[in-house]
Amino acid sequence: MLKIFIIALLGGVLGGGAIVGGYTLYQQSESSSVTTDNSKGQTSVSNIKVNVSTQSTKAFNKIQNAVVSVEAYSTNSSSDSLDDIFGSESGSSSSSTSESEGSGVIYKRTGNTAFIVTNNHVISGSNKVEVLLNSGKKETATIVGHDSVTDLAVLKINAQNVKQVASFGNSDNIQVGQTALAIGSPLGSTYATSLTQGIISAKKRTIDTTDSSGVNTGQTTVIQTDAAINPGNSGGPLVNLSGQVIGINSMKLANTGTSSSTTSTTSVEGMGFAIPSNEVVKVINLLVKDGKIKRPALGISLVDLSYVSTSDQKSVLKLPTSVTSGVVVLKVSSKSPLKSAGISKYDVITSLGGKDVKGLSSLREALYNHKIGDTVEIKYYHDGTQKTANIKLTLEANDTNTTTSSSSGN
């Protein structure tokens, strides 16, 4: 048996050598006779048809013409650079136009009018809004209503050139791991109707929201996805494989920022957030009805107590050591309902309407449980002494006294 095995192995080696040798001779023969007829190098496209249609493609086709680019313009007075530096009011004024670009989705057509939902921060402060349809046609838009707290806005345009309308799916029915498609205009209308694909990373994620200065403005519940969302995608739809809108893309997490103990940042990829469709439908119906959502405002500037150093809490705020959470009043506007109660700078609010105030987000949550005209009890510390005041909520929230809930730019 051993002898047979050795012979077989040697035979295999010799056979392999013979094959290699044969290939070498063949290669040498071919290389010495290169054709001189270049026409033999022509080729053609195969006429075999391959069906590459996927569910993602079908979903995109159902909604692509309902996705638009939103271009918002604001014209402001501006003075020359020396006046800017010294704060002079004597310099000559000129008008400058700034532009904000985002996305939107047409969700309803009725008669000659089409309605579009987008993000409030895309159109906030603008005095002219235009909508670029997927066909390339541009329409002038009218702002129907907008809400800075939920970061949603409704526009309307002439429906003459509208070819497609999106439908909303039930965001409560989505599941983690399901495919999600994001459609919009990343980096502006140059890349309009760009499609990216990912999954639902989290169904209900509570995240902090910040303003353009990086100050925490509260919390919101959103859908998390790893589908690529970039500046310009704001206001565009997050879509399921049935082509239904399950969310409105609003923000992304790009890095972790810096802390007081380190100057390093951590880059983040694949963390985008969308306002759930069920919330979107509820808000836009109110905006279409009334143009805004009426909420009370306190008319004060605040900072979380956690941002104040322990030494300042003791020396400046004069707080007892038992007080570890709340919000610090930095400024009280002339229209604030707190002004008549004597609440002033460096007072610390710890309760509103019977709800503990641990920070800005919990204060807003407690405040928005009430309506304009309600009277609420506020507990606060003034010079280290706890006080109680009954405040009638007379001030209505608007863009000037309510911070936009966005951290992503357009």
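This report walks through the salt bridges and one surface patch of a predicted model.

## Salt bridges around Lys138

Let's start with the charged pairs. The structure has six salt bridges. In one of them, the side chains of Lys138 and Glu71 meet at 2.9 Å, N to O. That pair ties together distant parts of the chain, with Lys138 in strand β5 and Glu71 in strand β1 (residues 67–78), 67 residues apart.

Lys138 also has a salt bridge with Glu130, where the closest N and O atoms are 3.7 Å apart.

## Asp147 and Arg295

Strand β5 (residues 138–147) also holds Asp147. Asp147 pairs up with Arg295 in a salt bridge, and their closest N and O atoms are 2.5 Å apart. Here again distant parts of the chain are joined: Arg295 sits in the loop between α5 (277–290) and β13 (296–297), 148 residues from Asp147 in strand β5.

Both Arg295 and Asp147 are buried. Asp147 counts as buried because its relative accessibility is 4%, under the 20% cut-off. Leaving aside residues up to four places away in sequence, Asp147 touches Asn120, Leu152, Leu287, Ile293 and Arg295.

## A nonpolar patch

Now for the surface. Val316, Leu330 and Tyr346 make a nonpolar patch of about 230 Å². Leu330 belongs to strand β15 (residues 327–332) and, at 37% relative accessibility, counts as partly exposed.

Technical notes: Residues are numbered from 1 along each chain as its sequence is written. This is a predicted model: local features need pLDDT of at least 70, side-chain atom pairs count only at pLDDT 80 or more; totals for chains, interfaces and linings use all residues. Side-chain values use heavy atoms; hydrogens and water are left out. Helices (H or I, at least four residues) and strands (E, at least two) are DSSP runs, numbered from the N terminus. Buried means under 20% relative accessible area, exposed over 50%, partly exposed in between (1.4 Å probe, protein chains only). Contact means heavy atoms within 4.5 Å. Patches are made of residues with over 30% relative accessible area and no salt bridge: like charges are joined within 9 Å, nonpolar side chains (Val, Leu, Ile, Met, Phe, Trp, Tyr) within 5 Å. Accessible areas come from the Shrake-Rupley method with a 1.4 Å probe; for residues, only the protein chains shown count as cover. A salt bridge is a side-chain nitrogen of Lys or Arg within 4 Å of a carboxyl oxygen of Asp or Glu.
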